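Have a look at the structure, then follow along.

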Amino acid sequence: MTTLPALEVENLAIEYKIGTEWKTAVRDINFTVEHGESYGLVGESGCGKTTIAMAIMHYLSRNGRVSEGSIRLKGREFVDLSRRELRRARIDDISMVYQDPATALNPSLRIGTQVADVFELLGVAASEHHRRVIDVLKKVQIADPARVVERYPHQLSGGMLQRVVIAMAIASEPALLVLDEPTTGLDATVEAEVLDLVASLRDEIGTSVLFISHNLAVIRKMCDRTCVLYAGRMMAEGPTEEIFTEPRHPYTVGLLRCLPNPDVGSRDEMSLDTIPGFLPPLGAEIRGCVYVDRCAMSQDICIEVEPGLNDVGGGRVSRCHFPDEAPNLPRTVAADPVERKRSDQTLVEIKGASKTFMQDGHPVYALSNIDLAIKVGETVGLVGESGSGKSTLAKVLLGIHTPDDGTVITLSGEELASELERRGQEEIGAVQMVFQNPDSALNRRHSVHRIIGRAVQLLRGGRRNEREDRIKSLLREVRMGMQHYNSKPRHLSGGLKQRVAIARAFAGSPALVVCDEPTSALDVSVQAAIINLLSELQVEENVAYLFISHDLNVVRYIADRVAVMYLGRLMEVGTSDRVFSGPNHPYTEALLSASPELADDKRIRLEGEIPEPSNPPSGCVFQTRCPRKIGEICETVEPELVEAEPGWFKRCHIPVEELRAMQMGASA
Amino acid sequence: MVATASRSQRWRVLRRSPTFWVGGFLVLMWVVFAVFGDFVTPYEPRGTPQDILNRLQPPSAEHWFGTDDLGRDVLSRVLAGSRQVLTVAVSATILGTVLGTFIGLLIGYYGGLIDDVVSRVLDAFLSIPLVITGMLALAALGPNTIGVILVIGLVFTPIIAKTVRAAVLSERQLDYVTAAQLRKENSLYVMFVEILPNVWSIVIVEFTVRLGYAIFTVLALSFLGFGVEPQTPDWGADIFQHYGQLTGRVWWPVLFPAMAIALLVVGVNLLADATSQAFE
């Protein structure tokens with residue numbers, strides 16, 4: 001029994017009914033998840049990875065159906081199970097963990113009750129429930145399970161909830177565990193913990209894992225073998241390391257090139273390559289290769305004949321006519337970055353910025369005494385876990401939140417009113433923002449023309465025809481065609497929507513644009529194009545960015561300087577090179593080591609969660625979680641943010657040399 | 001993600017829905033009678049002095065629905081009666097929707113103290129029973145159509161205001177509102193040009209649902225003798241005038257107006273169902 005593969009998918013095709021027609025979403029899917037293996041499905045949104053998972057689980061929506069093929073679980077056909085068999089299989093053999101743990105749990109039941117339900121279904125005696133619940137919660141490394149079972153979902157953090165969901169999924173020790181983007185909504189530090197947990201559980205209970213993610217780094221870390229999907233087709237399949245280190249499909253090559261990573265260096269060294277074009281629409285009739293119109297090396301045969309899954313050695317297959325040429329895929333974007341003008345002139349200076357919110361009569365210290373300067377045309381990256389105060393700082397700067405008294409913000413040497421209402425038209429146009437989610441940031445009832453036009457009208461003014469010219473030139477600047485002039489946001493792709501939002505921010509010729517996670521809602525290939533666009537606009541418009549992101553690779557790529565925040569305080573500020581190469585503040589060290597690219601022996605892990613800002617820890621605010629804590633001084637005296645080296649500031653009692661010794665020692 | 005059903009998608013849903021077609025047909029029929037009543041009624045609905053000779057005739061070839069206790073043709077009064085109820089109900093609902101939407105936008109957008117105070121006042125209004133309020137107000141105002149419109153409109157206002165407020169609160173969280181602040185947009189523009197189009201579908205659904213209630217309320221009030229000038233053909237008033245004679249086997253002056261009410265209310269409710277399905 002144990003030698004049977006956990007999951008075999010053969011010739012799988014899935015259709016959706018759109019209107020009155022059945023359209024093929026996914027076809028010719030073949031893969032096998034061996035016993036105890038971890039298998040990855042990776043691809044951009046719309047590639048069909050979740051559709052496949054839903055079909056395996058029998059969770060396809062009512063307008064979807066498996067039209068062809070077979071899914072076998074431990075050798076047993078799974079496609080046409082009766083309702084009873086299916087229920088039994090879901091209880092015993094197969095479990096799924098979803099992206100958002102908050103919606104996977106019932107908000108009105110205690111955690112203990114919900115986990116106990118699983119044991120009820122498994123037929124465990126009621127008297128045993130409590131003990132088994134505690135055991136399984138311990139297994140997912142919840143430190144205090146007796147207390148957690150008494151809690152309701154809203155009282156727990158996202159990371160903790162995801163542990164609970166995983167606990168419920170592994171309670172039956174299933175043959176197959178399906179994980180659909182299990183860490184996508186989580187902070188990098190929490191993500192790292194959850195991934196470690198999944199890896200250790202797999203070793204412990206020997207379950208097979210089908211891991212679905214858009215994140216190449218996560219897949220690379222977690223999976224033995226990987227399948228790259230595009231437009232419902234398998235493009236490449238094989239052992240994960242080979243797939244990523246020696247890709248033999250132009251799509252894989254393209255995706256990898258879109259990702260900023262330490263090898264690419266910073267934007268001053270090389271611009272990111274992109275994948276132009278769009279995913280073909282659902283059910284489109286394509287004779288040749290589905291990737292043909294986005295492929296930089298396509299030839300006539302690619303349009304005429306669809307390639308098969310060719311064996312390319314090393315256990316890999318690739319759906320390409322020219323797999324051996326894939327590594328030499330021509331770039332679609334010139335590698336040379338645009339030349340930058342550097343300036344030492346200070347543009348924005350924030351001094352002593354504090355922000356206290358009142359919550360139920362108690363003060364919550366969201367920001368505490370922040371000093372930060374941004375130079376003309378510079379990019380400052382702002383990083384930290386959620387709850388660290390990044391967005392609050394941005395909103396204080398923008399004037400959306402009124403800071404506490406004593407906060408001084410200057411723009412080009414002149415003091416800026418702290419309330420938006422008291423800022424003049426020019427000042428407002430000078431400090432603008434690009435939001436994380438363009439669906440929320442653009443009014444879905446307004447046309448592109450109106451969205452940008454209104455910003456031009458208010459921030460720049462001028463006569464009607466001048467404003468029209470400005471709208472058109474803004475659209476050109478964000479590389480959008482005039483055919484989108486009257487489009488509504490719903491007719492635009494995610495990348496185009498974000499371009500409209502960027503054009504709006506540039507309407508008044510800003511000096512500083514706050515970018516709040518501008519690429520994290522976008523696909524990898526689109527992200528690269530937006531990062532390139534922001535880089536180019538920066539040079540053309542000589543604008544400075546305050547770039548908030550949780551993706552450290554993106555920050556390392558685009559930022560000149562980096563500021564690290566924790567619990568409303570700056571913990572470390574320095575040039576990008578300095579901060580990323582270390583030695584750095586223990587908090588920065590922990591953030592960096594959460595990155596999935598790092599080898600395990602270099603890791604330090606952050607325990608627990610960010611403390612409540614209403615009740616910050618004594619002494620150094622990071623001491624409760626600090627892996628490098630040296631002793632009593634950390635608990636009693638809050639360190640100052642001091643310039644330890646020219647241009648490099650840290651808020652830590654440990655001298656640089658000692659930090660160096662600790663951190664270099666750890667990685668040796 | 002926010003659902004963004006486009007106008008054409010909604011139309012497609014509506015066009016495919018039998019509920020919409022049946023409801024639409026019923027309502028349209030009454031609208032036609034209301035507008036062209038004078039041309040389609042076989043007799044003068046208000047009656048003529050000679051009618052009194054023809055009192056309480058049962059349905060016949062001459063008078064399909066019979067005649068009432070003043071000898072007036074019931075069919076003519078039923079057909080012409082739709083004008084009164086539709087005018088009053090539609091005006092009242094429009095008044096309530098416009099006022100309610102305005103207040104809902106205002107308190108939802110500004111929030112804070114204004115929201116707290118106004119919401120409590122609205123709650124207080126909501127706790128007063130509808131028909132009793134209407135009777136009291138109309139007893140004070142005397143029977144007149146404008147009074148009925150005002151009363152029903154004002155009674156609907158808090159209900160609609162609360163629905164719109166809830167929708168505005170969730171729109172307000174979205175970044176496009178922040179983006180508007182970041183260009184120093186004036187509040188009226190944000191409320192009416194940015195937010196209103198996004199809550200429009202909720203307003204329309206609320207309007208059709210309220211219209212059904214309004215029709216009932218108008219008729220209940222006229223049955224109780226409020227709001228209709230004598231002689232005006234009105235279903236509620238006609239039923240009131242004749243229901244005492246049901247015991248004397250005179251059923252026609254009551255049954256036909258009652259059926260008319262049923263057909264109209266069912267029609268409006270079907271339309272309301274279809275629109276809320278298409279819009280939500």
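## An open sheet in chain A

In this predicted model, chain A holds an open sheet of 4 strands in the order 2-1-4-5, with antiparallel pairing. Strands here are DSSP runs of E with at least two residues, helices are runs of H or I with at least four, and both are numbered from the N terminus. Two strands pair if DSSP finds at least two bridges between them. The edges of the sheet are strand 2 (21-33) and strand 5 (76-77) of chain A, each of which pairs on one side only.

Strand 1 (residues 7-18) of chain A pairs with strand 2 of chain A over 9 bridges, in the antiparallel sense.

## Reading the model

Residues are numbered from 1 along each chain as its sequence is written, while chains are lettered from A and ligands numbered from 1 in the order in which they are written. Because the model is predicted, local features need pLDDT of at least 70 and side-chain atom pairs count only at pLDDT 80 or more, whereas totals for chains, interfaces and linings use all residues.

## Strand 22 and its partners

Further along chain A, strand 21 (residues 561-566) and strand 22 (residues 569-575) run antiparallel, joined by 6 bridges. The two strands form a hairpin with 2 residues between them. Tyr566(A) stands opposite Arg569(A) in strand 22 of chain A. Strand 22 of chain A also pairs with strand 24 (residues 648-650) of chain A, in the antiparallel sense and over 2 bridges. There, Glu572(A) stands opposite Lys650(A).

How many of the residues of strand 22 of chain A are buried? The strand is mostly covered, with 6 of its 7 residues buried. A residue is buried if 20 or more other C-beta atoms lie within 10 Å of its own, exposed if 12 or fewer, and partly exposed in between, with C-beta atoms placed from the backbone.

## Two residues with positive phi

Leu567(A) sits in the loop between strand 21 and strand 22 of chain A. Its phi is near 50°, a positive value in a residue other than glycine. Is Leu567(A) buried or exposed? Leu567(A) has 24 C-beta neighbours inside 10 Å, so it counts as buried.

Gln141(A) also has a positive phi, near 60°, and is a residue other than glycine. Gln141(A) lies in the loop between helix 5 (126-139) and helix 6 (145-148) of chain A. With 16 other C-beta atoms within 10 Å, Gln141(A) is partly exposed.

## Chain A as a whole

Chain A contains 24 helices and 24 strands. Along its principal axes, the C-alpha trace of chain A spans about 75 × 65 × 50 Å. A compact globule of 668 residues would have a radius of gyration near 26 Å, and chain A agrees with its 26 Å. That radius is taken over C-alpha atoms, and the globule rule is 2.2 Å times the number of residues to the power 0.38. Of the 668 residues of chain A, 49% count as buried.

Two residues are in contact if their C-beta atoms, placed from the backbone, lie within 7 Å. Among the contacts in chain A with a separation of 6 or more, 69% are accounted for by residues 24 or more positions apart.

## Chain B and its helices

Chain B has 10 helices and 0 strands. The C-alpha trace of chain B spans about 75 × 45 × 30 Å along its principal axes, and buried residues make up 43% of its 280 residues.

Helix 3 (residues 74-110) of chain B packs against helix 4 (residues 112-126) of chain B at an angle of about 135°, with axes 7 Å apart. That makes helix 3 of chain B oblique to helix 4 of chain B. Axes are lines fitted to C-alpha atoms, for helices over the stretch in contact, and angles run from 0 to 180 degrees between N-to-C directions. Angles under 35 degrees count as roughly parallel, over 145 as roughly antiparallel, 65 to 115 as roughly perpendicular and the rest as oblique. Ile103(B), Ile107(B) and Tyr110(B) are the residues from helix 3 of chain B, meeting residues of helix 4 of chain B that include Ile114(B) and Val118(B).

## Where the chains meet

The contact draws 17 residues from chain B and 21 residues from chain A. On the chain B side, helix 7 (175-181) and helix 8 (187-223) of chain B are the elements that give two or more residues. Helix 7 of chain B gives the most, with 5 residues.
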